[in-house]
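Reader: I have a model open and want to learn how to read it. Where do I begin?

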2 protein chains.
Amino acid sequence: MAFKKKVSLKDIAQAVGVSSALVSMVLNGKAKQYGIGEEATRKVLAKAKELNYQPNIMARGLRSGKSHLLGLVVADISNPFFAILAREIERAASEKGYTVIYGSSDEKPEHLSTLMNTLANQGVDGIIVIPCENSEELIADLYLQKYAMVLVDRYFPDINTLSVSLDNVKACKDVTQHLLSQGFRKISFVAYESKLLHTTERIRGYHEAMQEAGLENNIHVLKFPQDKYHEMMLQVFEENKINNKNIEAIIFSTNSLTVQGLYVLNQLKIRIPEDVAVFGFDGGDVFDLYSPAISYVRQPVEEMGRKAVTILIDQLESDEPQVIRRYKLKPELVIAESSVKKQ
Amino acid sequence: MAFKKKVSLKDIAQAVGVSSALVSMVLNGKAKQYGIGEEATRKVLAKAKELNYQPNIMARGLRSGKSHLLGLVVADISNPFFAILAREIERAASEKGYTVIYGSSDEKPEHLSTLMNTLANQGVDGIIVIPCENSEELIADLYLQKYAMVLVDRYFPDINTLSVSLDNVKACKDVTQHLLSQGFRKISFVAYESKLLHTTERIRGYHEAMQEAGLENNIHVLKFPQDKYHEMMLQVFEENKINNKNIEAIIFSTNSLTVQGLYVLNQLKIRIPEDVAVFGFDGGDVFDLYSPAISYVRQPVEEMGRKAVTILIDQLESDEPQVIRRYKLKPELVIAESSVKKQ
DNA sequence: ATTTTGTGTTAAAACGTTTTAGTGTTATAT
DNA sequence: ATATAACACTAAAACGTTTTAACACAAAAT
């Protein structure tokens with residue numbers, strides 16, 4: 001419980017009457033490895049506890065070149081998906097003796113870049129990134145410089161990094177098939193206008209399912225820009241005459257799109273699921289409390305966070321060059337009223 | 001853009017042909033203060049830029065005893081109020097050259113304690129805490145040890161710390177008066193069973209307004225424990241026969257209580273505002289998207305975060321003992337349909 | 001001509017840790 | 001008796017920074 005560190009190895013050494021080297025060895029659990037006597041070991045341990053010794057992280061870091069700090073760059077912390085992800089990452093790291101420092105990029109590559117710099121300056125040992133659009137070059141740079149890094153939620157196919165993400169193709173294929181099984185045929189897919197792989201994969205899942213059902217003519221993908229998607233969505237949904245059944249069901253491919261979509265449908269007084277069925281992403285209180293409750297794809301956030309931390313630290317602490325792997329986690333569909341056909 | 005620091009003062013010194021002391025002085029902008037020649041200054045600056053020098057934070061920290069790290073302990077990062085607060089704090093700190101490391105206490109004092117220890121071990125210069133129930137002793141301890149600290153959202157009246165919080169009395173008084181002005185008389189107040197001052201202050205605001213309106217007999221405060229408030233709320237609301245107008249309006253005094261309250265009212269098929277009017281706290285998408293939209297107290301989150309950082313850093317960097325102040329920020333009522341009487 | 005003052009620079013120490021190479025002692029093997 | 005091994009420990013260096021005291025060397029003052 002101390003911010004100003006007082007007790008040092010030397011203090012203990014003097015109190016016990018040994019060298020600080022010995023104290024260091026004992027306190028690092030290397031007593032037998034270095035063949036330290038039992039007596040000395042006991043005394044040092046006791047004194048350390050008595051004086052409530054806390055190692056000075058700076059000195060240790062300076063000496064070892066390691067900070068035991070992990071950087072985390074999240075896209076948008078006010079999105080519950082990322083908030084929970086951040087919490088899990090913090091927990092998992094803490095269990096392994098690492099501390100997390102983080103920042104929000106707000107999906108802006110310039111912010112991302114600034115943040116990475118800040119984190120680098122703070123001497124983080126490795127970094128967990130939710131990359132944003134147009135950050136491929138930045139990430140590739142770091143990759144070339146061999147920095148320990150793991151991408152979460154999204155990744156770049158051309159950069160050979162560690163990554164953990166959802167099986168996005170399967171997720172959206174499953175969703176589409178669920179809607180098809182409910183009897184919906186005119187299913188629209190709403191995505192961000194983005195080259196990020198997780199977007200294209202999600203679209204692909206939808207495509208595949210539609211094609212397999214022989215409905216390639218019904219494929220209808222709506223792409224909205226990241227900035228002013230609310231207005232555009234409003235306009236598009238109005239034009240599409242949802243009430244005339246030009247669209248029977250909508251899949252929103254991210255959490256924020258779903259929430260905005262609900263705002264818009266609300267505003268246009270379009271009823272769910274009578275006028276249009278809705279399937280969303282990532283859950284949250286809004287989904288459960290909305291009338292009707294909204295179906296959604298649940299990502300294994302906890303697992304995602306823990307996995308990211310584990311493989312990053314493995315890489316940091318193993319000597320052999322790690323095998324680069326892309327982990328794909330399984331989605332789960334939470335079915336509520338919004339996607340079930342009323343007859 | 002480097003995690004492994006390579007270029008050191010010595011490298012620059014050698015390249016230019018001066019001592020590393022001189023380089024340090026120049027790079028810290030103390031050239032004239034130490035009377036360094038123009039020529040040398042120019043060359044050093046140029047070389048530093050050329051080699052992309054980044055100071056080693058550990059070495060600097062070891063030498064100075066300062067880390068430029070701020071600790072942040074948030075109650076629950078998945079609550080949007082705290083998520084946004086965390087983001088603002090991170091931003092404000094970063095602008096001032098500080099980095100934030102954080103953790104969630106989940107409202108558990110043991111977690112809080114562990115986290116504080118971790119942060120202390122990381123050598124943070126100061127700490128921003130959203131204290132939780134039963135953490136008074138812990139906080140008092142730190143206060144006695146004169147650690148730089150600021151409490152946010154909540155504070156303890158008996159501990160003389162810096163703090164930033166909402167003017168909770170006014171907030172709830174305003175809410176109550178708004179409901180009274182709508183013609184509601186049987187107004188219930190829902191709070192956590194908590195000794196935390198922000199709870200008692202919120203209750204006090206409600207009390208004052210009711211008393212001033214001559215309705216002390218209608219005062220009805222419901223307190224729920226932090227853990228299983230959902231079930232209890234369900235039970236209580238059922239018993240209170242809301243449909244018989246035993247309760248005309250409900251004030252929920254936190255964000256999580258509001259959200260849970262909506263779940264419960266939903267479950268009991270109680271209509272808002274026909275059966276009962278509702279006023280919530282802190283906002284969020286749920287509030288806007290619920291039918292009807294929920295009125296709520298908006299806290300100036302951004303201001304709260306920035307203020308906390310500012311006064312903490314002021315304290316860290318000023319030599320004179322800081323004047324301890326408790327900052328109280330003004331609430332704002334966002335009125336939607338849920339609290340407006342239908343006639 | 002010598003002391004003083006000023007200017008520009010550096011050597012050295014310090015922060016607290018970890019590790020390597022080495023020291024002195026005692027026990028065992030030759 | 002001497003070389004060798006095993007044991008228990010320490011001295012010292014290194015990590016990169018900042019700051020203090022000191023040092024040359026010139027110019028100005030005596």
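This is a predicted model: local features need pLDDT of at least 70, side-chain atom pairs count only at pLDDT 80 or more; totals for chains, interfaces and linings use all residues.

Reader: What radius of gyration does chain A have, and what would a compact globule of 343 residues have?

Author: Chain A has 26 Å, whereas a compact globule of 343 residues would have a value near 20 Å. Now look at the box. Along the principal axes, the C-alpha atoms of chain A fill roughly 90 × 40 × 30 Å. Of the 343 residues in chain A, 48% are buried. Take the contacts in chain A between residues at least 6 apart in sequence: 70% of them join residues at least 24 apart.

Reader: Next, helices. How is a packed pair described?

Author: Two packed helices are described by the angle between their axes and by the distance between those axes. Here is a case. Helices α8 (residues 168-181) and α9 (residues 197-212) of chain A pack at about 35°, and their axes are 7 Å apart. The crossing of α8(A) past α9(A) is right-handed.

Reader: Which residues of α8(A) and α9(A) make the contact?

Author: From α8(A), they include A:V169, A:C172, A:T176 and A:L180. From α9(A), they include A:E201, A:R202, A:Y206 and A:A209. By class, this contact of α8(A) with α9(A) has 7 nonpolar, 5 polar and 6 charged residues.

Reader: Now a sheet. In what order do the 6 strands of the open sheet in chain B lie?

Author: Follow the order β7-β6-β8-β9-β10-β12 in chain B; the pairing is mixed. β7 (220-224) and β12 (332-334) of chain B are at the edges with a single partner strand each, so one side of each has no neighbour in the sheet. From one strand to the next, the twist averages 20°.

Reader: How many bridges join β6 to β7 in chain B?

Author: There are 5 bridges between β6 (residues 187-192) and β7 of chain B, and these strands run parallel.

Reader: Let me try one residue. Why is B:Y143 called partly exposed?

Author: Count its neighbours. B:Y143 has 17 other C-beta atoms within 10 Å, so it is partly exposed; buried would need 20 or more. B:Y143 lies in helix α7 (residues 136-144) of chain B. Leaving aside residues up to four places away in sequence, B:Y143 touches B:M149, B:I159 and B:T161. B:M149 belongs to strand β4 (residues 149-152) of chain B, where B:M149 and B:L151 point one way, B:V150 and B:V152 the other, and all are buried.

Reader: Last, the chain contact. How many residues does each chain give?

Author: Chain A gives 44 residues and chain B gives 45. On the side of chain A that touches chain B, α5(A) supplies the largest share, 7 residues. That side has 25 nonpolar, 15 polar and 4 charged residues.

Notes. Residues are numbered from 1 along each chain as its sequence is written. Chains are lettered from A and ligands numbered from 1 in the order in which they are written. Two strands pair if DSSP finds at least two bridges between them. Helices (H or I, at least four residues) and strands (E, at least two) are DSSP runs, numbered from the N terminus. Axes are lines fitted to C-alpha atoms, for helices over the stretch in contact, and angles run from 0 to 180 degrees between N-to-C directions. Two residues are in contact if their C-beta atoms, placed from the backbone, lie within 7 Å. Ala, Val, Leu, Ile, Met, Phe, Trp, Tyr, Cys and Pro count as nonpolar, Asp, Glu, Lys and Arg as charged, and the others, Gly among them, as polar. The radius of gyration is taken over C-alpha atoms; the globule rule is 2.2 Å times the number of residues to the power 0.38. A residue is buried if 20 or more other C-beta atoms lie within 10 Å of its own, exposed if 12 or fewer, and partly exposed in between; C-beta atoms are placed from the backbone. A crossing is left-handed if the near helix is turned anticlockwise from the far one by less than a right angle, and right-handed if clockwise.
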